[in-house]
Amino acid sequence: MTFENFGLQDSVLDSLRHIGFKTPTRIQSETIPLIKEGHDVIGQSQTGSGKTGAFGIPIVERAVKGRNAQALILAPTRELAKQIASDISKFSKRKGLKVQTVYGGVSMGPQIRGLKRSEIIVATPGRMLDHIRRGNFYADNIEFFVLDEADTMIDMGFLNDIEDIADSIPKDRQTLLFSATMPRELVKITERLTDNAKKVATVLKVDENLLKQYYYEVQHSQKFSLLVSILEEEAPDSALIFCKTRRNTEKLKKNLRSNGIKAENFHGGLSQNQRERILDSFYKGKVRYLVATNVASRGIDVEHITHIYNYNIPATVPDYVNRIGRTARAGKSGIAISLVTENDRRNFKDIRRQYDYKIEKLVKEEFNRLPFKTDEKPRQSSRRRYPRKAKSSDNKNSSSAPRYKSNKKRKNQPKRTIRRDRNVTQNNTD
Ligand code: AMP
């Protein structure tokens, strides 16, 4: 399934391509067609599932440039409102729609102007109601009314505000409600606000007693050694080791094998026969480790996978969720371990922030350092035995200055033997 399958406008597809959305998440696959058909939708799903796209993409698709306030999206906090507005601006970049955020604690003037010339409004309930009561908001064009994280809005005491806002916008709108949980109060208001709504539930049910999630912080150059060490220690019965690219899976497989760990690859570049053969060996337990790209996070349905390793950190929360969702299935337990290098830190922090469950940090100080072989040519030519001669422009103190100033002096130095295994590098462990 791709975004093309939804029959979206080229400009929307173009924007999605631009931000790297290739495959819709589950909530998106199920919700976008329903919204396009005009249904009200109640989506049970949480942050990290891709729900902003689930409602934001069809809203952007339908919106007409130049007509103000066609969609009103309510969110519980200013941070979430800003996040939603930023995502929707990205979906609509090529269409050139304007998105106005509305929240308290800042002056009203710019918001009043924005409300008059933006196609999409993302607001917290209190300030939105304020604008409505003061007559700052022209509601007749509203086609979509969205409640995001509705359960949190109820918890925060916004129920009455939401009802008042709903009463002041057109009745023949489409209402879309997203919530991680469905408390009784919310069910009641949902019945009042929606009309024949379709229900979509894609809540990731992580049972934290069954699925344990950990991460290690490790230097890039030691990542492979750490992986081997924890594989040896835990000796998983059946594990998926996720890499970013096909090439990475190939390299990692070879290195695992040269350390006596029998692994196979699984990625989109394999022929159907190869895939079937490998999966068959994996199902039968002949191969315990599959080194895979994200393809495997969708294509493999095996109940007995005990461990997931993120050798390369996934780019987004949905990717993380899809990967770890391969273990702890059917009441069994599982472990997910992410190896976070200095380059991944920021991205992984974002994932942890957006993800609802705990990922615990582990530390391992002692493990054997192992070489990681690549097929790449070494960067330095093996013919250059000594540093190049300094040019007059070279900084004398710089590390590129020659260590031996003259041939004469060089003769007096003990002969250096540079032994460099052509294909061994400690630094390219991807
Ligand atoms: P959300 O649940 O909407 O807050 O999305 C969580 C994260 O997943 C955000 O960083 C989104 O940009 C990202 N995301 C949502 N949908 C997709 C998709 N189809 N492909 C890739 N990333 C996505």
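The questions below go from the whole chain to the ligand shell, then to strands and loops.

Student: What kind of model is this, and how many helices and strands are in the chain?
Tutor: It is a predicted model. Buried residues account for 38% of the 430 residues in the chain. The secondary structure count is 16 helices and 16 strands.

Student: Of the contacts with a separation of 6 or more, what percentage joins residues 24 or more positions apart?
Tutor: Take the contacts in the chain with a separation of 6 or more. Those between residues 24 or more positions apart make up 76%.

Student: How many residues surround the ligand, and which are the closest?
Tutor: The ligand is surrounded by 16 residues. By type, the shell holds 4 nonpolar, 11 polar and 1 charged. The closest are Phe 21, Gly 50, Thr 52, Gly 53 and Thr 316.

Student: Which helix gives the most to the shell around the ligand?
Tutor: Both domain 1 (3-201) and domain 2 (211-362) contribute at least three residues to the shell. Two helices, H3 (51-62) and H14 (317-324), supply at least two residues each. The one that gives the most, with 3 residues, is H3.

Student: How many of the residues of H14 are buried, and which are they?
Tutor: Helix H14 is mostly covered, with 7 of its 8 residues buried. The buried residues are Val 317, Pro 318, Tyr 320, Val 321, Asn 322, Arg 323 and Ile 324.

Student: Which residues of strand E10 are buried on each side?
Tutor: In a regular strand, side chains alternate between the two faces of the sheet. Strand E10 spans residues 263-266, and both of its faces are covered. One side has Ala 263 and Asn 265; the other has Glu 264 and Phe 266.

Student: What is the hand of the crossover from E10 to E11?
Tutor: E10 and strand E11 (residues 289-292) run parallel and are joined by 4 bridges. Between them the chain passes through helix H12 (residues 272-283). This β-α-β crossover is right-handed.

Student: Which residue in E11 is the bridge partner of Phe 266?
Tutor: Phe 266 belongs to the side of E10 that also has Glu 264. Its bridge partner in E11 is Ala 292.

Student: Are the residues of E11 buried or exposed?
Tutor: Tyr 289 and Val 291 point one way from E11. Leu 290 and Ala 292 point the other way. All of these are buried.

Student: Which residue stands opposite Ala 292, from the E9 pairing?
Tutor: Strand E9 (239-242) is joined to E11 by 4 bridges, and the two run parallel. Opposite Ala 292 in E11 stands Phe 242.

Student: What is the phi of Asn 196?
Tutor: Asn 196 is in the loop between helix H9 (184-193) and strand E7 (198-201). It is exposed, with 6 other C-beta atoms within 10 Å. Asn 196 is not a glycine, although its phi is positive, at about 50°.

How values were computed:
Residues are numbered from 1 along each chain as its sequence is written. This is a predicted model: local features need pLDDT of at least 70, side-chain atom pairs count only at pLDDT 80 or more; totals for chains, interfaces and linings use all residues. A residue is near a molecule or strand if its C-beta atom, placed from the backbone, lies within 6 Å of it. Ala, Val, Leu, Ile, Met, Phe, Trp, Tyr, Cys and Pro count as nonpolar, Asp, Glu, Lys and Arg as charged, and the others, Gly among them, as polar. Domain bounds come from an automatic or database domain assignment. A residue is buried if 20 or more other C-beta atoms lie within 10 Å of its own, exposed if 12 or fewer, and partly exposed in between; C-beta atoms are placed from the backbone. Two strands pair if DSSP finds at least two bridges between them. A crossover is right-handed if, with the strands pointing away from the viewer, the path from the first strand over the helix to the second runs clockwise. Two residues are in contact if their C-beta atoms, placed from the backbone, lie within 7 Å.
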